[in-house]
Amino acid sequence: MTDDPRRQLPSVTRLLELTSLPANRLWVSLIEAELAQARATLTKTHEPIAESELARRVQQAVARSGPGLTEILNGTGVVIHTNIGRAPLSERAAAMAARAALGYSDLEFDLLSGHRSSRQDHLQSLLTLLTGAEAAVVVNNNAAAVFLALITLTQGRQVVISRGELVEIGGSFRVPDIMAASGTELVEVGTTNRTRLADYERAIGPNTAALLRVHPSNFQIRGFTEQADPLALAQLAHTHHLVMIDDLGSGSLLPLPAEPDVASRVRQGADVVTFSGDKLLGGPQAGIAVGRLTVIDQMKRHPLYRALRPDKMTLAALRATLWQTLVEPDQIPVRQMVTADPGALRRQAKRLIAHLKRRGVQASVRPKGGVAGGGSMPDVELPGVAVAIDPRPKSASAVQAELRQGAVALLVQVEGGMIVVDVRTLPAQRLAEVAEILARCLLN
Ligand SMILES: *Cc1c(COP(=O)(O)O)cnc(C)c1O
């Protein structure tokens, strides 16, 4: 029994000593997990594990258990990717969020009068200026904005929507489910590909509260299609004293291809337009509803508003992003990436190739389309280039997986056995670091 290698594993105290770690609960729990794993391996293999090897594994576990999330360098060319945090903030927006986080601010305090104010005031004037709407309210995400609009404005009555717009976004936002959760009765009209104004008109009855449009933001229906004109639909709603709700999803504040812009929907008569803060707007996760003063006021007064209102860091970052949209739009990273000039991308690719060459890795430029992603601009290919690397003798998928395991993870794509790195979504000032990560993985 004494030669059971499991009995020769070092103690927690010994491993703390070997790794010079203090005995706090986090490090002790990581050591216990490594020891449990070692014990399980030993049961199968009976091969002893050296103390130094265990200490190395503990150190690795400690490195992976930092105070933050693991940083990712995005070499995929997908600008807005929900799984990796959608929009990266601008320097200015991040600085404003940090300033709000680190100290006190006039979040709900009117410095002129010395009285309480509303946290929504900081965004109101910028949003009305940008969209032409009378008023605005900001909540935690667009799903919350749609939910608050429905629960406030329909109060258990019916909402008419086209069958072509009963969409699912990102796996968990399904329009019929949100409507059910808000107590709204869904009335579907038209067909998947064609819905006319007359279809909506026929469905309107004494219990109808609103018409809802949802932008099909992550797919396109092609061929024999028809949708009601937004202006005519808003007029129909108003003739019947109904509220016109328009969920734009991404919603652009500046003109971009294949995306309806918020201001034109406001002009076309929508009473509420909802959109995300962290899609094409390029700000923090937030949901924005703009529209008529009476309608927005009603939403702010609903008891659930309190549960959906955003925190000070979000508000500060969003205010900075909206301010930049008016003052320095080309400083917003999402905008830079979506509108990047192919010539500039080619120069970036050449710089990355030079960094790689200096480290002994050969690479070439190839044309590659980027996408906006994240439920925006479906079907629009952004013209650009990528850097292609032949990973042999390693396999491309093995390299791709290994690149995800570093202290800073690098995401790349694999195409025809090649590693493909899209420079559109990589920060220009970090190309040397990207080359270093690639070389380390490819050459060892
Ligand atoms: C993305 C999207 C939503 C959900 O927005 P979140 O900010 O992710 O909550 C709702 N509706 C549409 C049309 C969308 O594209």
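**Exercise 1.** Work out how the axes of helix α4 and helix α13 are arranged.

*Solution.* Start with the two runs: α4 covers residues 91–102 and α13 covers residues 312–327 (helices are DSSP runs of H or I, at least four residues, and strands are runs of E, at least two, numbered from the N terminus). Next, take the axes, which come within 8 Å and cross at roughly 150° (lines fitted to C-alpha atoms over the stretch in contact, with angles from 0 to 180 degrees between N-to-C directions). Angles over 145 degrees count as roughly antiparallel, so α4 and α13 are roughly antiparallel to each other.

Keep in mind that this is a predicted model: local features need pLDDT of at least 70, side-chain atom pairs count only at pLDDT 80 or more, and totals for chains, interfaces and linings use all residues. Residues are numbered from 1 along each chain as its sequence is written, and side-chain values use heavy atoms, leaving out hydrogens and water.

**Exercise 2.** Find the residues that make the contact of α4 with α13, and sort them by class.

*Solution.* Contact means heavy atoms within 4.5 Å. On α4, look for R92, A93, M96, A97, A100 and A101. On α13, pick out K312, M313, A316, A317, A320, T321, W323 and Q324. Now sort them: ten are nonpolar, two polar and two charged (Ala, Val, Leu, Ile, Met, Phe, Trp, Tyr, Cys and Pro count as nonpolar, Asp, Glu, Lys and Arg as charged, and the others, Gly among them, as polar).

Terms used:
Parallel < 35°, antiparallel > 145°, perpendicular 65-115°, else oblique.
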